[in-house]
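Please look over the sequence and the 3D structure below. A short report follows them.

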Amino acid sequence: MSSADLLLHPLRLRIIQAFLGDRELTTGQLRREIDGVPPATLYRQVAMLAKAGVLLVVGERQVRGTVERTYALSTADAQISEEDLANMTPEDHRRAFMAFLAGLLADMDEYLDADQVDLEVDGAGYRTVGLWLSRDELAEMVAEIGAVVQSRTANRPSPDRTRRMLSTVLIPVPTPDGPADDTADGTLDETTPRPAREKSRPAL
């Protein structure tokens with residue numbers, strides 16, 4: 001099985017996302033985070049990821065005659081290989097993007113089902129911004145964002161910290177006639193709808 005087929009399955013992608021942030025989880029803890037999935041199905045997908053080296057066993061203990069394993073994510077193995085990425089067809093990318101969106105929707109549903117949702121207080125949000133960038137400017141921006149995120153990946157869990165999911169989407173949009181609706185500074189004009197505009201935080 002290719003790395004793309006392994007990682008871009010909707011349920012396996014949700015499992016991988018649950019471990020982001022250097023988390024260590026048992027299958028029981030994972031079940032409580034991923035609702036609506038039969039235990040046998042969840043265990044089968046965890047076993048598949050473990051066999052592929054994407055999940056690593058970092059602890060074991062006896063629980064009522066069975067072995068309870070604690071898993072952690074192998075970040076290096078939880079990525080699509082360059083070869084598989086280069087060989088993906090447009091349909092493969094559509095399937096991958098749908099799996100990605102399914103994970104986002106599941107996370108958003110879980111957040112919205114909580115009590116007293118307040119995007120401003122929670123530091124949550126979603127937003128689209130249009131930018132005019134050359135290839136060099138794009139590379140520079142991506143490097144800057146990567147450096148900012150990387151500087152915080154070493155943060156460990158603590159009572160004053162909340163685990164936050166940051167997802168990024170960059171899509172080049174054909175503009176045959178040059179700048180049209182976007183303003184000169186590269187941001188969306190004020191007529192462009194922006195979900196939860198007043199309370200949201202820009203999402204990269």
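## Ground rules

This is a predicted model, where local features need pLDDT of at least 70, side-chain atom pairs count only at pLDDT 80 or more, and totals for chains, interfaces and linings use all residues. Residues are numbered from 1 along each chain as its sequence is written, and side-chain values use heavy atoms, without hydrogens and water.

## Overall layout

The protein has 8 helices and 3 strands. These are DSSP runs, numbered from the N terminus: helices are H or I with at least four residues, strands E with at least two. Their order along the sequence is α-α-β-α-α-β-β-α-α-α-α.

The protein has 204 residues, and 24% of them are buried. Buried means under 20% relative accessible area, exposed over 50%, and partly exposed in between (1.4 Å probe, protein chains only).

## Helix α6

Helix α6 covers residues 90–112. Its 23 residues should span 33 Å at 1.5 Å a residue, and its end C-alpha atoms are 32 Å apart, which agrees. The expected span is 1.5 Å times one less than the number of residues.

The buried residues of α6 are A96, A99, F100, G103 and A106. Their cover includes α2 (10–19). M98 also lies in α6, but M98 counts as exposed because its relative accessibility is 54%.

Terms used. Contact means heavy atoms within 4.5 Å.
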